[in-house]
Amino acid sequence: MDYHRNQHARQLFDGIAAQYDWVPGLFSFFQYQRWRRYLVSRLQAGPDATILDLCTGTAGVAMQTARTYDCRVVGVDLSPKMLSQARHNLSRDDMAGQVPLVMGRAEDLAFAGDSFDAVSVTFLLRYVDDPESTMLEIIRVLKPGGRLLSLEFGVPPHPIARVLWHVYTRGVLPIAGTLVSRGWRKVGAFLGPSITQLDKSYNEDKLRELWLRLGIQDVQIKRLSFGGAVVMWGTKGR
Ligand SMILES: C[S@@+](CC[C@H](N)C(=O)[O-])C[C@H]1O[C@@H](n2cnc3c(N)ncnc32)[C@H](O)[C@@H]1O
């Protein structure tokens, strides 16, 4: 198995963990929190539910989910430093018992099949070699009838928004990243091209087709911020 992309993701996110709780908000003109809120609002969970939050990072989505639905959320990520920041955030808000954290890879989850009532996954597909087998692995741990949710960056479809997005991601972000730290400089240079690449290989229609083929039903898609973010959700067939 080729762990090259995992290593790249680990290095990239270890290098930005210390500032992760405020920089994405700033760089997205405070849309980031809105995207997370929308994602969490698409969940359906009661207090008895156990939810898997993949790519949990510093546990932003996991904490919001746990607060909104008063349920248990298991956070999984491969970056030790993102998880360490998550641990800090959880103990600060007295939520460590409600949101246990596990270090792991989305491609190879250490959970039995049909374990979780819902699974949320954020910004993963640009970091995996094989999106299809990774999605299959994620769906494996979801209970039949459970909801799958994802949040990814997207390329705005409207021509004017697309030009502005291009100028921002290729011209402004790399410079803005440099002003924060060496780690953010790398992210600023990497982000735009990697979003374009994913959009070319897995656009909205292809992703919908993939989810349906892998057994997710009633797939719905909402573009936010002129299409700069894409939230998808659907239900695993029984
Ligand atoms: C943009 S951050 C996610 C942020 C977070 N969910 C939030 O609430 O803001 C993406 C995360 O995905 C993690 N990641 C990347 N590839 C992964 C993989 N193959 N398996 C598990 N986590 C991965 C990174 O370490 C990083 O923390």
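Mentor: Start with contact: two residues are in contact if their C-beta atoms, placed from the backbone, lie within 7 Å. Helices (H or I, at least four residues) and strands (E, at least two) are DSSP runs, numbered from the N terminus. This is a predicted model: local features need pLDDT of at least 70, side-chain atom pairs count only at pLDDT 80 or more, and totals for chains, interfaces and linings use all residues. Residue numbers start from 1 along each chain as its sequence is written.

Trainee: Which residues of α3 and α4 meet?

Mentor: From α3 come R36, R37, L39 and V40. From α4 come G60, V61, Q64, T65 and T68.

Trainee: At what angle do the axes of α3 and α4 cross?

Mentor: Axes are lines fitted to C-alpha atoms, for helices over the stretch in contact, and angles run from 0 to 180 degrees between N-to-C directions. The axes of α3 (residues 32-41) and α4 cross at roughly 45° and come within 10 Å. Angles under 35 degrees count as roughly parallel, over 145 as roughly antiparallel, 65 to 115 as roughly perpendicular and the rest as oblique. So α3 is oblique to α4.

Trainee: Is the crossing of α3 and α4 left-handed or right-handed?

Mentor: A crossing is left-handed if the near helix is turned anticlockwise from the far one by less than a right angle, and right-handed if clockwise. α3 passes α4 in a right-handed crossing.

Trainee: How do the axes of α7 and α8 cross?

Mentor: Helix α7 (residues 159-180) and helix α8 (residues 182-201) have axes that come within 6 Å and cross at roughly 160°. That makes the two helices roughly antiparallel. Their crossing is right-handed. Among the α7 residues in the contact are T169, R170 and L173, and the α8 residues include W184, R185 and V187.

Trainee: In what order do the strands of the sheet stand?

Mentor: Strands of a sheet pair through backbone hydrogen bonds, either parallel or antiparallel. Here two strands pair if DSSP finds at least two bridges between them. Seven strands form an open sheet, ordered β3-β2-β1-β4-β5-β7-β6, with mixed pairing. β3 (101-103) and β6 (216-224) stand at the edges, each with a single partner strand, so one side of each has no neighbour in the sheet. Seven bridges join β6 to β7 (residues 229-236), and the two run antiparallel. I216 stands opposite K236 in β7.

Trainee: Which strands does α9 touch?

Mentor: Helix α9 (residues 204-213) packs on the sheet, touching β6 and β7. Its direction makes about 155° with that of β6.

Trainee: How many residues surround the ligand?

Mentor: A residue is near a molecule if its C-beta atom, placed from the backbone, lies within 6 Å of it. The ligand is surrounded by 21 residues, and the closest are C55, G57, G60, S79 and Y127. The elements giving two or more residues to this shell are α1 (4-14) and α4 (60-69). α1 gives the most, with three residues.
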